[in-house]
Amino acid sequence: RSTNRLTKTVMVALHAGIMDDSVGKLQEEALKRKERLKALKNRKLQTKDQDEGEPENKSPVEDKTEEKHGEIKLRNYAPEDPVLRERQLPKANPASIEDKVKDQLEAAKPGPVIEEVDLANLAPRKPDWDLKRDVAKKLEKLEKRTQRAIAELIRERLRGQEDDLASAVGSAKQEEVDSD
């Protein structure tokens, strides 16, 4: 087991050495590439300067960097050097946000609350609700016909009972006459 560990550590060390060499090579290549790009950029700028009639020894890249660094603005830092104190910006007064807050509070107020809640709209619908809705009109027509038919049957029974009643009354009269 100790030999396996030793060989593993040797392999890791060798691999790390190879990695260090390859990383070093990559960094060198990157630096060379940067130098080539700078040279190319300088040549391009020099050709532009010559076309415009400006002197060749002036380097615009350096001027731009100096301008960027020359404009130091000190907002939150209070320098001790009197030269830097001149560059310090005056303290800004924060804007009043009361109006914005009021507008947001008014916008956040809830609208009128519906006092009456229809439970049928809140409850989940059954799977066959659409079928019932489509059949409802047809059922209304059938209900009207059914009511008419029931009324007619009741009328017929009443007519039949009147006839039976009249015959019963007539037979009762005859019985009375017969018994006298």
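Modeller: Happy to, and we'll take it topic by topic, starting with the overall picture. Please keep in mind that this is a predicted model.

Colleague: Okay, how many helices and strands are in the chain?
Modeller: The chain has 6 helices and 0 strands. Going along the sequence, you read α-α-α-α-α-α.

Colleague: What is the mean pLDDT of the chain?
Modeller: The mean pLDDT is 76, and 67% of the residues reach 70 or more.

Colleague: Which element has the lowest mean pLDDT, and which the highest?
Modeller: Helix α2, residues 60–70, has the lowest at 53, while α4 has the highest at 86. Where pLDDT is low, the predicted coordinates should not be read in detail.

Colleague: Good to know. What share of the residues is buried?
Modeller: Of the 180 residues in the chain, 2% are buried. The chain's accessible surface is about 18300 Å², and carbon and sulfur atoms account for 55% of that.

Colleague: Let's talk charge. Which residues form the negative surface patch?
Modeller: That patch is made by E98, D99, D103 and E106. E106 sits in helix α4, which covers residues 98–108.

Colleague: Why does E106 count as exposed?
Modeller: Because its relative accessibility is 54%, and exposed means over 50%.

Colleague: And which residues gather in the positive patch?
Modeller: K137, K138, K141, K144, R145 and R148 come together there on the surface. K141 belongs to helix α6, residues 129–179, and K141 is exposed, with a relative accessible area of 61%.

Colleague: Switching topic: which residues make the nonpolar surface patch?
Modeller: I97, V101 and L105 make it, and the patch is about 280 Å².

Colleague: Where does I97 lie?
Modeller: I97 is in the loop between α3 (82–87) and α4. With a relative accessible area of 51%, I97 is exposed.

Colleague: Last topic! How many salt bridges does a search of the whole structure find?
Modeller: The search finds 1 salt bridge. In it, the side chains of R133 and D134 meet, at 3.4 Å from N to O.

Colleague: Are those two buried, partly exposed or exposed, and why?
Modeller: R133 counts as partly exposed because its relative accessibility is 49%. D134 is also partly exposed, at 46%. Partly exposed is the range between the buried cut-off, under 20%, and the exposed one, over 50%.

Notes: Residues are numbered from 1 along each chain as its sequence is written. This is a predicted model: local features need pLDDT of at least 70, side-chain atom pairs count only at pLDDT 80 or more; totals for chains, interfaces and linings use all residues. Side-chain values use heavy atoms; hydrogens and water are left out. Patches are made of residues with over 30% relative accessible area and no salt bridge: like charges are joined within 9 Å, nonpolar side chains (Val, Leu, Ile, Met, Phe, Trp, Tyr) within 5 Å. Accessible areas come from the Shrake-Rupley method with a 1.4 Å probe; for residues, only the protein chains shown count as cover. A salt bridge is a side-chain nitrogen of Lys or Arg within 4 Å of a carboxyl oxygen of Asp or Glu. Lys and Arg count as positive and Asp and Glu as negative; His and the chain ends are not counted. The place of a charge is taken as NZ of Lys, CZ of Arg, CG of Asp or CD of Glu. Helices (H or I, at least four residues) and strands (E, at least two) are DSSP runs, numbered from the N terminus. Buried means under 20% relative accessible area, exposed over 50%, partly exposed in between (1.4 Å probe, protein chains only). pLDDT is the predictor's confidence in each residue, from 0 to 100.
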